[in-house]
Amino acid sequence: MTGESVEPDAGPETPPPAATAEAAAAAEAAAAAAEERTRRMAALAALLEEELEDLTHPPDERRFNDQFEGPHKDLCQQFLVDAHRAHYRVEEVDWCFSGDPTASSPSSGSRSSPSPSGGSPASAVAREEDEIPTAFAARLAIAVRQCLGAGGEEAGRRCVLMRLGTMLLSQAGMALVGMACQGAPQLALSGGDRAILYELRCRGGGDGDTPGCFWEVRINFLATGFTEYLEAGAYSEAPSPCSPESLVERGCSVRLSLEPGLPSGVAIQVLDVVDTMVLLDREGRPLELGVGGGGGGGGGGGGCGSRASSKGQ
């Protein structure tokens with residue numbers, strides 16, 4: 001020993017108070033976001049169960065005014081109306097109406113088939129009858145029916161499944177998502193692009209009766225590139241400017257399966273509900289919004305309106 005003094009171990013460095021507060025705020029925000037996501041999923045599940053129960057009744061006893069067509073009255077009329085106005089993906093095949101028989105890319109509205117390599121769908125020339133929206137809707141309905149196994153002898157047993165499936169694959173489904181996100185700011189958007197994608201695919205193999213087999217329905221609305229917005233309930237009637245880097249996204253993922261033990265014969269599980277709004281000023285800084293009128297906003301014309309009831313209003 002030489003008698004030299006030894007500095008005591010100072011231990012781990014204490015983060016500055018500002019960093020501690022920032023971390024706490026981030027953790028609190030993450031917890032609040034997770035809680036809100038859980039609330040939205042529960043809200044959508046309750047709405048879907050209500051819709052499903054309603055679909056089991058005769059038309060004159062239903063509370064909601066959804067109309068259904070076809071021999072089995074299982075094709076949602078709103079689905080047939082929307083078919084040529086949105087982008088659909090059924091079992092990895094893209095369907096998007098253009099009315100142009102020479103169209104040759106998904107973005108211009110052709111029907112697309114999966115590529116041989118299993119990657120992005122390869123474009124295919126649209127058929128001439130695609131110039132008629134009703135013909136396109138009829139072919140899309142056949143693809144949905146085949147995916148759900150609701151044809152032939154199974155049409156009667158899977159009638160409610162087909163009703164619910166085609167209802168979800170329309171603005172009616174998007175409206176239910178909007179209702180589940182009630183309380184979010186409601187915006188009217190100017191400029192940019194809007195895209196609605198409805199997806200349906202069978203999971204787990206089999207035809208729906210196989211254990212572990214189910215169908216996944218996805219709905220996604222995306223608005224990008226807009227440069228102005230107007231919030232419902234705002235004091236100013238003039239739109240406010242924003243960065244084209246802003247975006248609004250809303251959608252859900254729902255699992256459907258056959259369950260003979262239930263009155264409807266169909267089980268529902270909500271897997272996710274997305275409600276994202278990134279609103280930036282022209283310098284790229286986040287913009288603060290108050291809560292507007294609630295109940296299905298954030299769409300800017302994306303079909304996020306409220307559901308209508310035919311009774312009790």
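User: Which residue stands opposite E228 in β10?
Analyst: S190 is the residue facing E228 of β10. Strands here are DSSP runs of E with at least two residues, and helices are runs of H or I with at least four residues, both numbered from the N terminus.

User: What sort of model is this?
Analyst: This is a predicted model, where local features need pLDDT of at least 70, side-chain atom pairs count only at pLDDT 80 or more, and totals for chains, interfaces and linings use all residues. Residues are numbered from 1 along each chain as its sequence is written, and side-chain values use heavy atoms, leaving out hydrogens and water.

User: Back to β10. How many bridges join β7 to β10?
Analyst: Four bridges join them, and the two strands run antiparallel, with β10 covering residues 228-231. Two strands pair if DSSP finds at least two bridges between them.

User: What is the strand order in that sheet?
Analyst: The order is β7-β10-β11, in an open sheet of three strands with antiparallel pairing.

User: And which strands stand at the edges?
Analyst: β7 (187-190) and β11 (240-241) do. Each has a single partner strand, so one side of each is left without a neighbour in the sheet.

User: New topic. How many salt bridges does the count come to?
Analyst: The count is 16 salt bridges. A salt bridge here is a side-chain nitrogen of Lys or Arg within 4 Å of a carboxyl oxygen of Asp or Glu.

User: Which residue does E92 form a salt bridge with?
Analyst: E92 pairs with R201, and their closest N and O atoms are 2.9 Å apart. E92 lies in the loop between β3 (87-90) and β4 (93-96), and R201 in strand β8 (residues 193-203), so the pair ties together parts that are 109 residues apart in sequence.

User: Is R201 buried or exposed?
Analyst: R201 counts as buried, at 14% relative accessibility. E92 is partly exposed, with a relative accessible area of 37%. Buried means under 20% relative accessible area, exposed over 50%, and partly exposed in between, using a 1.4 Å probe and protein chains only.

User: Which residues are linked with E92 in a network?
Analyst: R89, D94, E199 and R201 are linked with E92 in a network of salt bridges.

User: What about R39, which residue is its salt bridge partner?
Analyst: R39 forms a salt bridge with E36, with the closest N and O atoms 2.8 Å apart. The two are three residues apart in helix α1 (residues 17-55), which means that about one helical turn separates them.
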